[in-house]
Amino acid sequence: MSKRTKKVGNTGWMGARYGIRIRRRVLELDRSRSERAACPRCSTVTLSRISSGVFECGRCGTRYASGAYLFTPPGPVSRAEREPVAGKP
Ligand SMILES: [Zn+2]
């Protein structure tokens, strides 16, 4: 049996609609969505997507809020963010 969606993969349901660029972008996200990312806390590659923007570590169980489809590790926290200026409410 021949493979029906060799080129388009998971975006086969879209048919000829929406344009090839959009379909390729969707396909790219669709493929990388199930990939595991490294946990910023215990640095094991067990972070998986729970739902849109929610990622959970399979080892330490920490949940992170990140991008809707892909995990982007949080940047370093600056001193101004960590320590609020005294006198301000
Ligand atoms: Zn972890």
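Three strands form an open sheet in the order E1-E2-E3, with antiparallel pairing (strands are DSSP runs of E of at least two residues, numbered from the N terminus; two strands pair if DSSP finds at least two bridges between them). Strand E1 (47–51) and strand E3 (63–65) are the edge strands, each pairing on one side only. On average, neighbouring strands of this sheet are turned by 35° against each other, direction ignored (axes are lines fitted to C-alpha atoms; angles run from 0 to 180 degrees between N-to-C directions). E1 and strand E2 (residues 54–57) run antiparallel and are joined by four bridges. Opposite Leu47 stands Cys57 in E2.

The model is predicted; local features need pLDDT of at least 70, side-chain atom pairs count only at pLDDT 80 or more, and totals for chains, interfaces and linings use all residues. Residues are numbered from 1 along each chain as its sequence is written.

The protein contains two helices and three strands (helices are DSSP runs of H or I of at least four residues). Along the sequence, the pattern is α-β-β-β-α. The radius of gyration is 19 Å, well over the 12 Å that the globule rule gives for 89 residues, so the protein is more spread out than a compact globule (the radius is taken over C-alpha atoms, and the rule is 2.2 Å times the number of residues to the power 0.38). The C-alpha trace spans about 70 × 30 × 15 Å along its principal axes.

Of the 89 residues, 9% count as buried, a residue being buried if 20 or more other C-beta atoms, placed from the backbone, lie within 10 Å of its own.

How values were computed:
Buried ≥ 20, exposed ≤ 12 C-beta atoms within 10 Å, placed from the backbone.
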